[in-house]
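Trainee: Please take one part of this model and look at it closely. I would like to see how that part sits in the chain as a whole.

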Amino acid sequence: MLIGVGVGVVIGLLVLAPSAIKNTFQVSGHRKRIGALEKELEEHKAKVAELQKPKPVTPSEPPKPQQ
């Protein structure tokens, strides 16, 4: 009886192993993609912050009177 249970467990593990391995690789790929996207988001945030900074005021010529 124990041999039958042991064989059943081994067969069950062999059936589940490919999907577990596939899921592990998918999770790894998703984590890498998330890291790349987070880095890209930070770069975009920095660029937006740079563009939103007020420009320094430079002295300009006084406006010319209209005729």
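**The helix and its surroundings**

Mentor: The model is a predicted one, and the secondary structure of its chain comes to 1 helix and 0 strands. The radius of gyration is 31 Å, well over the 11 Å that the globule rule gives for 67 residues, so the chain is more spread out than a compact globule. The C-alpha trace spans about 110 × 20 × 10 Å along its principal axes. Buried residues make up 0% of the 67 residues. The accessible surface of the chain comes to about 7,000 Å², and carbon and sulfur atoms account for 67% of that surface.

Now to the part itself. Helix α1 covers residues 2-52, and I3 has its place there. I3 has a relative accessibility of 71%; exposed means over 50%, so I3 counts as exposed. I3 also belongs to a nonpolar patch on the surface, together with V7, I11, V15 and L16. The accessible area of these residues together is about 520 Å².

Charged side chains come next. The chain has 10 positive and 6 negative ones, and the centres of the two sets lie 7 Å apart. Side chains of opposite charge can pair when their charged atoms come close. The structure holds 1 salt bridge. That salt bridge joins K53 and E50, with the closest N and O atoms 3.4 Å apart; the cut-off for such a pair is within 4 Å.

Conventions:
Residues are numbered from 1 along each chain as its sequence is written. This is a predicted model: local features need pLDDT of at least 70, side-chain atom pairs count only at pLDDT 80 or more; totals for chains, interfaces and linings use all residues. Side-chain values use heavy atoms; hydrogens and water are left out. Helices (H or I, at least four residues) and strands (E, at least two) are DSSP runs, numbered from the N terminus. The radius of gyration is taken over C-alpha atoms; the globule rule is 2.2 Å times the number of residues to the power 0.38. Buried means under 20% relative accessible area, exposed over 50%, partly exposed in between (1.4 Å probe, protein chains only). Accessible areas come from the Shrake-Rupley method with a 1.4 Å probe; for residues, only the protein chains shown count as cover. Lys and Arg count as positive and Asp and Glu as negative; His and the chain ends are not counted. The place of a charge is taken as NZ of Lys, CZ of Arg, CG of Asp or CD of Glu. Patches are made of residues with over 30% relative accessible area and no salt bridge: like charges are joined within 9 Å, nonpolar side chains (Val, Leu, Ile, Met, Phe, Trp, Tyr) within 5 Å. A salt bridge is a side-chain nitrogen of Lys or Arg within 4 Å of a carboxyl oxygen of Asp or Glu.
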